[in-house]
Amino acid sequence: MGRPVVFIPDKVPEEAVRYLETVAEVDYRAWEELPGEAKFLQGLERADGLLVYSRHKLKGPVLDRAPRLKGVCNIAVGYDNLDLEELTRRGIAATNTPDVLTETTADLAFGLLLAAARRIPEADHYVKSGQWKGWLPSLMLGKDVHGAVLGIIGYGRIGSAIARRANGFGMKVLYSNLERVPRDEAALGIEYAAMEELLGRSDYVLVQVPLTPSTAGFIGEREFSMMKPDAYFINASRGAVVQEEALVKALAEGRIGGAGLDVFEREPLPPDHPFLSMPRVVTLPHMGSATRQTRAAMAMKAAVNMAAILQGKRPENLLNGQVWKQ
Ligand code: GLV
């Protein structure tokens, strides 16, 4: 039997490729731009393993084009790009990369909050475009972060890392989650609150949940109407957990103060999207985990998961345990 083939369509940190070369033939294309479907399918057809960023959707008929596939290793913690049920039905193992990106994503989410509150991108543009003619009493007035109330909706690993950062800024942290987290209540002094209470009390509402059928669109008009009129909404998880039209409306009507968004319903944002002309909305191109160190760690984690699958060992970050029958 020949060596298994691992298809890596995207440009990834090279150490992951080198590592996989010790256990497989690696079909590494290093595409920076998203390849056309035909090119992707060509690689998929002979792949035993697929190592991908979540920009690739492994759902529906595309899986019919992968007759040899035994494992899909996402280089991401989120896995809404995968149809887990269908992968499981086909006996294909799926993995993700938790933990290694927690702190980096929390840095970005908190940075987004600061950027929105203190109007940092808007001010940078103001200076660089030559509009700064002198100090003005009302120039770039923003909103305080220290001493403010931060409400975190969805309190997992990243939520907890954000709460630690907020603590350092002297913020009061509320959290809403399926389960209470007594460890952080004791260690960080955070306070559990029902969603309605959190929305009503927070100066900053930050959502950090995975995208699943139960979180899709779970923040909408009703939730925005419960927020304070000067509250900011921050999202670095997945765009589709929010009903974007309701957010646009709340912002346009001045019913909330502003937003910091790293993720959107449609990525990239279409050129006519209302957010693009809203100065009080900070928009980022889905870059929560985008540091050199963290991307390298994520790719290595995915590669180690892949090697385990190909060697018949249970991978550490298996998402669909049902495929593993020992
Ligand atoms: C990025 O969005 C991830 O899920 O890791």
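Modeller: A salt bridge is a side-chain nitrogen of Lys or Arg within 4 Å of a carboxyl oxygen of Asp or Glu. Here the side chains of K128 and D124 form one, with N to O at 3.1 Å. This is a predicted model: local features need pLDDT of at least 70, side-chain atom pairs count only at pLDDT 80 or more, and totals for chains, interfaces and linings use all residues. Residues are numbered from 1 along each chain as its sequence is written, and side-chain values use heavy atoms, without hydrogens and water.

Biologist: Where do K128 and D124 lie?

Modeller: Both sit in helix α5 (residues 120-128), four residues apart, about one turn of the helix. Helices are DSSP runs (H or I, at least four residues), numbered from the N terminus.

Biologist: How many salt bridges does the structure hold?

Modeller: The count is 33. One of them joins K249 and E221 at 3.4 Å, N to O. K249 is in helix α10 (residues 244-252) and E221 in helix α9 (residues 221-226), so the pair ties together parts 28 residues apart in sequence.

Biologist: Which residues are around the ligand?

Modeller: Near means that a heavy atom of the residue lies within 4 Å. The residues around the ligand are A76, V77, G78, L101, R238 and H286.

Technical notes. Helices (H or I, at least four residues) and strands (E, at least two) are DSSP runs, numbered from the N terminus.
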